[in-house]
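User: Hi! I am new to protein structures and would like to learn how to read one. Could you walk me through a few features?

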Amino acid sequence: METPYGTDDQMLTVKQATGLLQVDYKSVLQWVYRDFDPIPHYLPAGNKKQVRIRKGDLMAWVDRNWTKVERQS
């Protein structure tokens, strides 16, 4: 599905994910490597450090793990 931020299949670097979520780099890495419900991530072939995150997986993870705050009038 096409969104203003690209498609759900778009692969993001950790830095791109930080920009999309508006959080710091360290937070995203902690969520990627945490034990319970980590952000799904992938490593390109032959690469053991530069994590990639599929945008659709990231947004599904946000829906499961972040609390929606309703603005009061």
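This is a predicted model: local features need pLDDT of at least 70, side-chain atom pairs count only at pLDDT 80 or more; totals for chains, interfaces and linings use all residues.

User: Which residues make up the largest nonpolar core?

Analyst: Start with the general idea: in soluble globular proteins, nonpolar side chains tend to be buried together. Here the largest nonpolar core has twelve residues, among them Leu12, Ala17, Val28, Ile53 and Trp61. The helices α1, α2 and α3 each supply at least two residues of this core. For a closer look, take Ala17: beyond its neighbours within four places in sequence, it is in contact with Leu12, Val28, Ile53 and Leu58.

User: Which residues of α1 are buried, and where on the helix do they fall?

Analyst: An α-helix has 3.6 residues a turn, so residues three or four places apart point the same way. In α1, which spans 14–21, the buried residues are Val14, Ala17, Thr18 and Leu21. They line one face of the helix because they fall within an arc of 105 degrees, seen down its axis. Their cover includes β3, α2, β4 and α3. Just after α1, Gln22 takes a positive phi of about 60 degrees.

User: What about α2: which of its residues are buried, and what caps its N-terminal end?

Analyst: Ser27, Val28 and Val32 are the buried residues of α2. Their arc around the axis is only 135 degrees, so they sit on the same side of α2. Among the elements covering them are α1 and β4. The N-terminal cap of α2 is Asp24, with a side-chain oxygen 3.2 Å from the backbone nitrogen of Lys26.

How values were computed: Residues are numbered from 1 along each chain as its sequence is written. Side-chain values use heavy atoms; hydrogens and water are left out. A nonpolar core is a set of buried Ala, Val, Leu, Ile, Met, Phe, Trp, Tyr and Cys residues joined through side-chain atoms within 4.5 Å. Buried means under 20% relative accessible area, exposed over 50%, partly exposed in between (1.4 Å probe, protein chains only). Helices (H or I, at least four residues) and strands (E, at least two) are DSSP runs, numbered from the N terminus. Contact means heavy atoms within 4.5 Å. The arc is that of the directions from the helix axis to the C-beta atoms. A polar contact is a pair of N or O atoms within 3.5 Å; within protein, one must be able to donate a hydrogen and the other to accept it, and residues adjacent in sequence count only if both atoms are side-chain atoms.
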